[in-house]
Amino acid sequence: MALIRFTANKLQDAQKLTSPLTTYIRNISAASNNLRDVLQNKIPAEQERVKKFRKEHGSTKVGEVTVDMMYGGMRGIKGLVWEPSVLDPDEGIRFRGLSIPECQKVLPKAPGGSEPLPEGLFWLLVTGDVPNDNQVKELSKEWAKRAALPNHVVTMLNNMPTTLHPMSQFSCAVTALNHDSKFAKAYSQGVNKAKYWEYVYEDSMDLIAKLPVVAATIYNNTYKGGKGNQTIDPNLDWSANFSNMLGVNSSNEFTELMRLYLTIHSDHEGGNVSAHTTHLVGSALSDPYLSFAAGLNGLAGPLHGLANQEVLIWLLKLQKDIGVNATEDQMKDFIWKTLKSGQVVPGYGHAVLRKTDPRYTCQREFALKHLPDDPLFKLVSTIYKVVPPILTELGKVKNPWPNVDAHSGVLLQYYKLKEMNYYTVLFGVSRALGVLASLIWDRALGLPIERPKSLSTDLLIKAVKK
């Protein structure tokens, strides 16, 4: 069964389909419950498909590069292959062709749960198929079996100073896990490159399984004096185990929030910093641990994963200055004051999106269902009414609508996960699902080391004159 793929010239046609669920959902109830076995069957056919496509269309141009693109951070340049997801300016993220609302409808949920299980999304990102309940249950069990941390990583985490930023601790721990990399060991022994993907798969599965334990250890050491439970229950799913280990809220609602959060933050195509960095470092045949650790260091930046913390700081300042029951006129005055001081409204605008981020929308729906009267949520709702018209009037913003970061911090605060410095760690746990799914396919398709050509300003000037 061929995987769902979007090439630059097919994406728009695919999105015009009137019944995407009919197109993309595969009936795979008879397929194996083992993810590796499913991949083993899919990869040869996909390798042949890509080989044929490149032979027929390898010289076809899919875009052009302008000087502004080069100076503007390569924004908009089509230059990467990224299988798990595509970001559409109007529809938002599509995971293997499925929108977030579609994923919420069709991906398996925990018994009695309302949000998709991240295990199901990972299966979708890796295979292109919507998994059944048994496949997701087997994946939960497999991750639980692989979750134990080696002693040297536990010792390192327990000796980290609590003043060290949680993201720094997280990156260090992931790097140290590479001590047991199956890919690095196989490569050193001269494994055939046709088998690279198998060892990258094994490392990726091990790493994803261990991330909640690493993240929970960091939380408990940094904020709870080392107290806490880092024990995996083999009968629970990945998110439920993570929620239990954090120990901040024992409600089913918080576990559902974690399932939602870990699903929607998983992937956002390949051009963002954390995804691109993981792909770039992996292209040098660094193992998944080193590749993902590099991606985490990019995620830690204030223009990327730290943004939700920036939003929450701004919200709390707004709340302090004008109160929780501020009128829309008071809100407008505060927004204009922010903009005229040379600052931005954090959480609004996006490099690609031109409508409200669907990840914002699904979090808003969660809040309307579970915490409609929370003061901070009401504040966020009022901002949603006030900010877009102001940014539109300003005339300088291509997208005046909120992105995912405008909402997530408020939900975490409500459920007593109040330590803002930790929020990017949650983002990192989630982002592993997308970038590692892609890394498996990078090696399966034999993608080479990434090495774009760079030019100096002088050479660019000469080129333009010609």
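## Helix packing and a pocket

Helix α15 passes α21 in a right-handed crossing, where right-handed means that the near helix is turned clockwise from the far one by less than a right angle. This is a predicted model, in which local features need pLDDT of at least 70, side-chain atom pairs count only at pLDDT 80 or more, and totals for chains, interfaces and linings use all residues. Residues are numbered from 1 along each chain as its sequence is written, and side-chain values use heavy atoms, without hydrogens and water.

Two packed helices are described by the angle between their axes and the distance between the axes. Here, helices are DSSP runs (H or I, at least four residues), numbered from the N terminus. Axes are lines fitted to C-alpha atoms over the stretch in contact, and angles run from 0 to 180 degrees between N-to-C directions.

| Helix pair | Angle | Axis distance |
|---|---|---|
| α15 and α21 | roughly 135° | within 10 Å |
| α12 and α13 | about 120° | 9 Å |
| α11 and α15 | about 50° | 9 Å |

α15 and α21 are therefore oblique to each other; under 35 degrees counts as roughly parallel, over 145 as roughly antiparallel, 65 to 115 as roughly perpendicular and the rest as oblique.

Now for the residues that touch, with contact meaning heavy atoms within 4.5 Å. From α15, Pro288, Ser291, Phe292, Leu296 and Leu299 meet residues of α21, including Phe427, Arg431 and Leu439. This contact of α15 with α21 divides into nine nonpolar, three polar and one charged residues. In these classes, Ala, Val, Leu, Ile, Met, Phe, Trp, Tyr, Cys and Pro are nonpolar, Asp, Glu, Lys and Arg are charged, and the others, Gly among them, are polar.

α15 has another partner: Pro288, Tyr289 and Phe292 in α15 meet residues of α11, among them Val200, Asp203 and Leu211. Six nonpolar, one polar and two charged residues make up the contact of α11 with α15.

Helices α12 and α13 also pass each other in a right-handed crossing. Trp238 and Phe242 are among the α12 residues in this contact, and Met258 and Arg259 among those of α13.

### The second largest pocket

About 370 Å³ of space lies in the second largest pocket. Its lining has 17 residues, with Arg443, Ala444, Leu445, Gly446 and Leu447 nearest the centre. A pocket is an open set of points on a 1 Å grid over the protein atoms alone where a 1.4 Å probe fits, with protein on both sides within 12 Å along at least five of seven lines; lining residues have an atom within 4 Å of a point. The largest share of this lining, five residues, comes from α3.

Notes: Helix = DSSP H or I, 4+ residues; strand = E, 2+ residues; numbered from the N terminus. Points joined across faces, edges and corners; volume = space filled by probe spheres on them.
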